[in-house]
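Thank you all for making time this morning. I would like to walk you through one model, and I ask you to keep the picture in view while I talk.

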Amino acid sequence: MPPAQRRGATPKAPVTSFPVAEGEEPWTEEEVAEIREELLAEMARMEKAIEVAEAGLADLFEDGGDGAGRDPADVGSSNFERDQEMSLAQNAREMLEQAQNAYRLFESGSYGICESCGEPIGKDRLQVFPRATMCVACKQREERR
Ligand SMILES: [Zn+2]
């Protein structure tokens with residue numbers, strides 16, 4: 001058995017490439033690094049967005065109090081604001097999850113493969129939408145359901 005295997009640890013080579021769709025150029029190291037940056041930036045953005053939405057929610061709940069002496073129109077509009085903040089937070093959470101998922105795949109070297117059909121997602125699509133884990137065809141199929 002070669003010494004590397006006997007130690008039980010697979011040396012973790014940095015991921016430098018991912019599958020591409022037919023007719024696409026292979027990934028360059030720079031492009032791979034950009035995707036990683038983009039995913040990290042996206043996760044940070046989403047975490048921030050969740051924080052902001054949650055802080056906004058906390059404020060709204062505080063203002064809400066027991067509603068004493070408040071104009072009913074005011075109460076109505078703050079309920080509306082609350083719903084909005086909640087869906088913002090929810091959205092951001094979903095996007096964060098997608099980005100984390102994509103990042104996990106990235107780190108494990110299985111990034112760029114459609115999780116539904118197993119075909120390459122395609123570099124063009126990933127550069128526009130780095131957190132994609134499905135190819136366009138599968139994504140569209142899913143959205144039609
Ligand atoms: Zn697919």
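**A walk along the helices**

When I say helix I mean a DSSP run of H or I with at least four residues, a strand being an E run of at least two, and both are numbered from the N terminus. Residue numbers, for their part, start from 1 along each chain as its sequence is written. What you see is a predicted model, in which local features need pLDDT of at least 70 and side-chain atom pairs count only at pLDDT 80 or more, while totals for chains, interfaces and linings use all residues.

On confidence, pLDDT is the predictor's own score for each residue, from 0 to 100; the chain averages 86, and 84% of the residues score at least 70. The lowest confidence falls in helix 1, residues 3-6, with a mean of 47, and the highest in helix 4, residues 123-128, at 96. Where pLDDT is low, the predicted coordinates should not be read in detail.

Overall, the chain has 5 helices and 0 strands. How does the span of helix 3 compare with what its 37 residues should give? The expected span is 1.5 Å times one less than the number of residues, and for helix 3, residues 72-108, that comes to 54 Å, which agrees with the 54 Å between its end C-alpha atoms.

Now to burial, where a residue is buried if 20 or more other C-beta atoms lie within 10 Å of its own, exposed if 12 or fewer, and partly exposed in between, with C-beta atoms placed from the backbone. Of the 145 residues in the chain, 16% are buried, and in helix 3 the buried residues are Glu85, Ala92, Ala99, Ala102 and Phe106.

A nonpolar core is a set of buried Ala, Val, Leu, Ile, Met, Phe, Trp, Tyr and Cys residues joined through C-beta atoms within 7 Å. The largest one here has 16 residues, and Leu39, Ala102, Phe106 and Ile121 have the most contacts inside it. Helix 2 (29-64) and helix 3 each supply at least two residues of this core.

Finally, Cys138 sits in helix 5, residues 136-144, and counts as partly exposed because it has 17 C-beta neighbours inside 10 Å. The C-alpha atoms of Cys138 and Cys117 are separated by 7.3 Å, although the two are 21 residues apart along the chain.
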